[in-house]
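Okay, thanks everyone. Let me put the model up, and then we'll go through the metal site and a few charged pairs.

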Amino acid sequence: MSKLVSGEIAEDFANYYYTSEQKSTAVALGVLVNKDGVKKAGGFIVSAMPDATEDELFILENRLKEAKPISQMLEENMSLLDIAKDITGDIDIQTLKQEEKTPKYECNCSKEKMARGIQTIGKEELQKIIEEDKKAETVCHFCNKKYEFSEEELKSLIN
Ligand SMILES: [Zn+2]
């Protein structure tokens with residue numbers, strides 16, 4: 001007989017992703033314990049890639065709501081692949097083999113792109129920033145990379 005225990009760590013993780021990385025991320029963690037201690041522990045993190053569509057996110061969100069608790073999946077000895085299929089609803093799910101590809105977050109932001117973003121605030125606003133702060137810092141919404149612009153750089157953006 002095993003007891004299902006679920007902590008609030010998963011919520012904290014999801015909150016962390018949401019607040020610090022501005023990414024909507026689903027996190028689930030589960031631990032199965034018996035009298036000898038931890039029997040099984042596992043979890044998953046689902047994070048949308050920058051090119052995910054609203055429709056895809058909507059479908060995934062609903063799947064995650066309907067999915068059984070991760071602790072139950074562990075209890076049923078589901079494989080990682082089956083868990084992934086279950087929570088995404090994608091039966092044709094592809095796995096990346098470690099030796100072939102290492103998944104990582106990659107962003108195609110650049111200083112040039114950020115500069116174009118700054119320019120959209122308009123010359124007057126830009127002039128104000130130059131006079132008041134003498135520099136500007138922007139943060140990419142996707143990867144959180146910071147870009148700094150010096151007074152000279154900002155001046156060149158006005159022209
Ligand atoms: Zn970026």
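So, a term before we start: buried means under 20% relative accessible area, exposed means over 50%, and partly exposed is in between, with a 1.4 Å probe and protein chains only. By that cut-off C109 is buried, and C140 is too. This is a predicted model, where local features need pLDDT of at least 70, side-chain atom pairs count only at pLDDT 80 or more, and totals for chains, interfaces and linings use all residues. Residues are numbered from 1 along each chain as its sequence is written, and side-chain values use heavy atoms, with hydrogens and water left out.

Now the zinc ion. The SG atoms of C107, C109, C140 and C143 coordinate the ion at 2.2 to 2.3 Å; donors are N, O and S atoms within 2.8 Å of the metal (3.2 Å for Na, K and Ca), and water is not among the atoms, so sites may look incomplete. In sequence the spacing reads C-x1-C-x30-C-x2-C. C109 sits in the loop between α4 and α5, and C140 in the loop between β4 and β5, so the pair ties together parts that are 31 residues apart in sequence. Helices (H or I, at least four residues) and strands (E, at least two) are DSSP runs, numbered from the N terminus.

On to salt bridges, meaning a side-chain nitrogen of Lys or Arg within 4 Å of a carboxyl oxygen of Asp or Glu. The whole structure has 5. One of them joins K111 and E153, with the closest N and O atoms 2.9 Å apart. K111 is in helix α5 and E153 in helix α7, so this pair ties together parts 42 residues apart in sequence.
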